[in-house]
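Have a look at it with me before we go through the entries.

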Amino acid sequence: LTQANIADAVARLRARGPLVHNITNYVVMNTTANALLAIGASPAMVHALPEVEAFAPLAQALVINIGTLSPPWVEAMERAAVAANVAGVPFILDPVAAGATPYRTEVSLRLLALRPAIVRGNASEIMALAGETGAAGKGVDSTQGSDAARDAARQLAIRAKCVVAVTGAIDYVTDGERMTGIANGDPMLSRVTGTGCMATAICGAFLGAGLAPFDAAIAGLAVMGVAAEQAIVGAKGPASFQVALIDAFHNLDDAALAAGARLQ
Amino acid sequence: LTQANIADAVARLRARGPLVHNITNYVVMNTTANALLAIGASPAMVHALPEVEAFAPLAQALVINIGTLSPPWVEAMERAAVAANVAGVPFILDPVAAGATPYRTEVSLRLLALRPAIVRGNASEIMALAGETGAAGKGVDSTQGSDAARDAARQLAIRAKCVVAVTGAIDYVTDGERMTGIANGDPMLSRVTGTGCMATAICGAFLGAGLAPFDAAIAGLAVMGVAAEQAIVGAKGPASFQVALIDAFHNLDDAALAAGARLQ
Amino acid sequence: LTQANIADAVARLRARGPLVHNITNYVVMNTTANALLAIGASPAMVHALPEVEAFAPLAQALVINIGTLSPPWVEAMERAAVAANVAGVPFILDPVAAGATPYRTEVSLRLLALRPAIVRGNASEIMALAGETGAAGKGVDSTQGSDAARDAARQLAIRAKCVVAVTGAIDYVTDGERMTGIANGDPMLSRVTGTGCMATAICGAFLGAGLAPFDAAIAGLAVMGVAAEQAIVGAKGPASFQVALIDAFHNLDDAALAAGARLQ
């Protein structure tokens with residue numbers, strides 16, 4: 001994926017309107033659903049054990065986010081991932097606060113073993129899953145810059161045989177060989193809850209539009225970053241920024257994407 | 001209910017300030033509560049088995065929405081519905097994504113057997129509950145226009161002995177004999193998550209204000225549609241539209257309602 | 001704490017950026033997290049039994065809010081409170097709708113026995129916990145003015161050996177001996193869901209910044225009230241007010257706090 005054809009990826013997403021199955025956390029369900037609708041996907045939040053395996057194959061992509069995990073939800077995540085695998089539906093994993101407690105690390109590793117197409121996390125989370133100690137986050141927030149996690153991301157991608165995206169001041173996407181940086185975004189993103197979760201879901205929407213995992217992650221993070229740069233103009237603080245961010249997903253046009261995305 | 005007295009219904013709702021008991025989905029709890037407050041009701045979200053039967057009789061209306069259902073929540077919904085019935089508290093059912101999985105259809109039919117005053121759904125959901133096959137939605141979104149569901153709505157109203165409201169480009173409300181259309185709203189409603197759930201809750205608030213089910217459904221959908229028409233003016237996208245929509249509920253005045261509602 | 005040094009308290013909060021562990025209700029998780037981020041804290045929502053006792057000692061404060069309680073969540077609240085106590089992490093309790101059902105009252109009293117540093121509630125809730133009958137709220141809303149709950153607050157503070165904050169037109173904070181009023185805020189706060197919960201969380205953030213409980217409660221409620229007075233300017237209704245409220249937390253400056261806070 002190059003800067004020139006991110007706009008094509010968005011057009012493809014909007015034309016397909018993929019159904020994106022989310023098993024995500026309570027904090028971000030509303031904003032995730034609205035972000036997915038604004039970018040052109042159809043979100044559904046489904047986690048009940050009596051239906052999760054029936055629903056997963058109906059979707060074009062599955063998003064698993066462990067933000068407010070608990071044992072019954074983890075069971076639903078695992079069953080959905082297996083059902084998605086069987087049906088050929090790609091999934092993306094957001095290992096929220098992996099490393100902060102042993103439970104989160106352990107659950108993340110179990111889900112990683114079910115072969116996500118993409119793992120998207122902050123530096124602390126990716127370093128924890130790569131086995132680096134001493135980089136644990138402050139709750140859900142990273143204590144490390146994304147640059148510090150580049151090696152960990154590469155190692156994790158190789159070991160888990162998936163694409164790894166680590167977000168921060170610059171976002172990095174790697175499949176273990178290639179490494180692309182996305183130099184978009186705004187510091188205000190870190191003052192709004194769930195923008196990382198939102199980035200994960202949007203990458204998932206690009207998976208659902210049929211993009212290869214490496215391209216889907218780049219497209220999702222570029223769209224997120226360009227929209228944030230548009231949203232900060234005129235925002236008076238984090239809440240008006242969040243409103244403008246979702247409006248920006250809805251209004252993104254080809255020219256803005258082609259001019260705005262900074263891949264490196 | 002006629003166009004001329006929708007404003008009276010709103011005045012009645014605001015004067016009574018009904019306590020509306022919601023057992024609804026995680027995605028929309030916040031926006032539902034804010035919509036109910038803005039229109040003049042007192043929302044409460046209560047689902048725990050140790051208290052749900054004690055709480056239901058305290059409210060003036062009960063809203064049951066299966067959006068993120070799971071077995072313990074379904075048990076709470078059933079117990080609340082029974083307790084509401086015993087206490088003479090009317091309830092409204094929102095069968096989110098009925099037809100998308102067997103579990104949703106089965107739970108919806110069980111709740112339907114507990115005699116809701118109103119069922120509010122999109123075309124795919126109402127057609128699924130009426131037994132029509134082949135009209136299943138894409139996740140929580142309808143694949144059918146509301147016109148296609150008019151017969152299904154009428155049949156369902158007769159069979160379930162309740163009022164059925166099917167929302168779409170034009171909303172239809174029927175008790176099996178009468179059929180009223182409400183030609184208000186804006187396509188942006190479908191780009192914001194939970195606006196259908198919000199419409200259901202507002203119809204529930206009118207039930208709580210003492211309106212007959214047929215009138216409560218018409219009033220709720222007319223208010224929703226008129227507010228949406230006000231909100232789209234000046235909105236820059238779906239998120240600023242949602243903010244303006246809840247502001248509009250708060251600010252609705254008699255003149256706007258009398259002039260704006262288009263019943264047919 | 002005096003009017004002159006509320007700004008110092010905010011500066012201290014922003015410098016420390018305390019990790020605030022929330023076990024709160026589904027309705028307000030998103031807005032609570034955003035309010036905490038806007039004021040300068042790091043929120044985390046963690047409730048799973050396999051990790052809640054491991055997580056509580058990592059935080060600088062714990063917020064327990066029973067809004068959408070259920071038995072497994074109550075068990076998590078109790079375990080987290082005990083773990084916080086052992087680790088010397090202060091906690092604040094929000095007994096949402098205590099008095100509305102026996103279950104809520106009973107759970108609130110059990111949590112009260114675990115020695116919160118602060119209890120923050122509306123008048124009906126505080127009166128219910130103080131054992132006054134006949135003052136039960138309408139669902140989550142108080143039927144009593146805060147003035148009516150001053151004696152109850154004082155009695156509860158003495159009996160539970162904690163600070164009690166009762167919010168309303170004027171907020172009162174007492175440790176059983178001292179009693180400070182905060183005459184800030186705006187009636188629009190009562191038309192937005194979860195502003196009481198937000199006040200509780202912000203008081204919790206000041207606990208996490210190392211303020212004594214009495215001062216933390218005053219600082220939190222003064223910040224809430226001053227921000228509301230800034231937010232109502234230009235707001236067009238409750239939703240734009242809520243956006244402006246969170247923006248105001250982010251933008252609060254010393255001059256506004258020193259000039260705006262009205263302690264009595």
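**Entry 1: the charged pair.** Which side chains of chain A and chain B meet in a salt bridge? I found A:E51 and B:R104, at 2.9 Å, N to O. For a salt bridge I required a side-chain nitrogen of Lys or Arg within 4 Å of a carboxyl oxygen of Asp or Glu. The count between chain A and chain B is 1 salt bridge.

**Entry 2: ground rules.** I am working with a predicted model, where local features need pLDDT of at least 70 and side-chain atom pairs count only at pLDDT 80 or more, while totals for chains, interfaces and linings use all residues. Residues are numbered from 1 along each chain as its sequence is written, chains are lettered from A and ligands numbered from 1 in the order in which they are written, and side-chain values use heavy atoms, with hydrogens and water left out.

**Entry 3: the A–B contact.** I then looked up the whole contact, taking contact as heavy atoms within 4.5 Å. Chain A brings 28 residues and chain B brings 29 residues. The two chains bury about 2,200 Å² between them, 61% of it on carbon and sulfur atoms. Buried area here is the accessible area (1.4 Å probe) that two parts lose on being put together, summed over both.

I also counted 10 residue pairs in polar contact between chain A and chain B, both residues at pLDDT 80 or more. A polar contact is a pair of N or O atoms within 3.5 Å; within protein, one must be able to donate a hydrogen and the other to accept it, and residues adjacent in sequence count only if both atoms are side-chain atoms.

On the side of chain A that touches chain B, α2 (29–39), β2 (42–45) and α10 (238–251) each supply at least two residues. The helices (H or I, at least four residues) and strands (E, at least two) are DSSP runs, numbered from the N terminus. α2(A) gives the most to this side, with 6 residues. By class, I noted 17 nonpolar, 8 polar and 3 charged residues there.

**Entry 4: the A–C contact.** Next I turned to chain C. Here 29 residues of chain A are in contact with 29 residues of chain C. The salt bridge count between chain A and chain C is 1, and the side chains that meet in it are A:R104 and C:E51, at 2.9 Å, N to O. I listed 10 residue pairs in polar contact between chain A and chain C. α5 (102–112) and α10 of chain A are the elements that give two or more residues to the side touching chain C, and α10(A) gives the most, with 5 residues. That side divides into 13 nonpolar, 11 polar and 5 charged residues.

**Entry 5: symmetry.** A rotation of 120° with 0.0 Å of shift along its axis superposes chain A on chain C, with an RMSD of 0.0 Å. That is the relation of a three-fold axis. In chain A, the C-alpha nearest the axis belongs to A:Y26, 3.7 Å from it. The superposition is by least squares on the C-alpha atoms of residues with pLDDT of at least 70 in both copies.

**Entry 6: one leucine.** Last, I checked B:L245, in helix α10 (residues 238–251) of chain B. B:L245 has 1% relative accessibility and counts as buried, a label given under 20% relative accessible area (1.4 Å probe, protein chains only). Not counting residues up to four places away in sequence, B:L245 touches residues including B:L189, B:M198 and B:M224.

Conventions. Nonpolar A, V, L, I, M, F, W, Y, C, P; charged D, E, K, R; others polar. Buried < 20%, exposed > 50% of the residue type's maximum accessible area, 1.4 Å probe, protein only.
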